[in-house]
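Here's a quick look at one predicted model, with a few side chains picked out. Take a glance at the fold, then read on.

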Amino acid sequence: MMIQDIRTWLNTCPTLLAMQSLGVDYLDYESESASIAEIPGSREVLVRYVDGEEHVATNWAIYLRLPYTEDVNDGLQNHNLTHGICSWINEQNKERNYPNDRVLAVEAIGEGYYVSSETNTCVYQVTIKISYRGGNDG
């Protein structure tokens with residue numbers, strides 16, 4: 001299944017190694033954590049071949065719960081973390097190191113951004129676009 005391959009691949013990202021684990025569709029509310037989820041409605045068929053095979057692109061979100069304080073250094077550290085993830089993803093694409101052999105390209109869209117905050121934590125989102133050969137198994 002594509003999501004398991006993506007999760008396994010992302011778990012090799014040095015910037016994400018500091019997180020306890022990368023969840024799927026769940027982000028812990030109390031501690032620093034990370035999760036991946038497919039962005040609903042993002043699946044786009046780029047090419048449909050005569051034999052039924054498709055070239056598909058899907059967007060995925062990596063959510064990160066990080067410390068939230070008024071200290072500028074915390075904000076800079078959070079920004080550097082999202083930037084590090086994006087840089088790693090784009091480097092993997094350049095090297096053609098993909099989650100599985102069906103993937104044709106992986107791209108970080110933007111540099112990650114602040115989504116919301118609680119009392120002591122905030123959520124950042126890094127969006128990635130994955131193009132691959134195959135059907136509808138997301």
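## Around Gln 125

The side chain of Gln 125 makes a polar contact with the side chain of Thr 127 at 3.0 Å (N or O atoms within 3.5 Å, one able to donate a hydrogen and the other to accept it; residues adjacent in sequence count only if both atoms are side-chain atoms). This is a predicted model, where local features need pLDDT of at least 70 and side-chain atom pairs pLDDT 80 or more, while totals for chains, interfaces and linings use all residues. Residues are numbered from 1 along each chain as its sequence is written, and side-chain values use heavy atoms, leaving out hydrogens and water.

Gln 125 sits in strand S6, residues 121–133 (strands are DSSP runs of E, at least two residues, numbered from the N terminus). Beyond its neighbours within four places in sequence, its contacts include Ile 39, Tyr 63 and Val 115 (heavy atoms within 4.5 Å).

Now for the tyrosines. The structure has 3 aromatic pairs (ring centres within 6.5 Å).

| Residue | Relative accessible area | Class |
|---|---|---|
| Gln 125 | 9% | buried |
| Tyr 124 | 12% | buried |
| Tyr 114 | 38% | partly exposed |
| Val 47 | 32% | partly exposed |

Val 47 belongs to strand S3, residues 44–48.

Conventions. Helix = DSSP H or I, 4+ residues; strand = E, 2+ residues; numbered from the N terminus. Buried < 20%, exposed > 50% of the residue type's maximum accessible area, 1.4 Å probe, protein only. Phe/Tyr/Trp six-rings, centres within 6.5 Å; stacked < 30°, edge-to-face > 60°.
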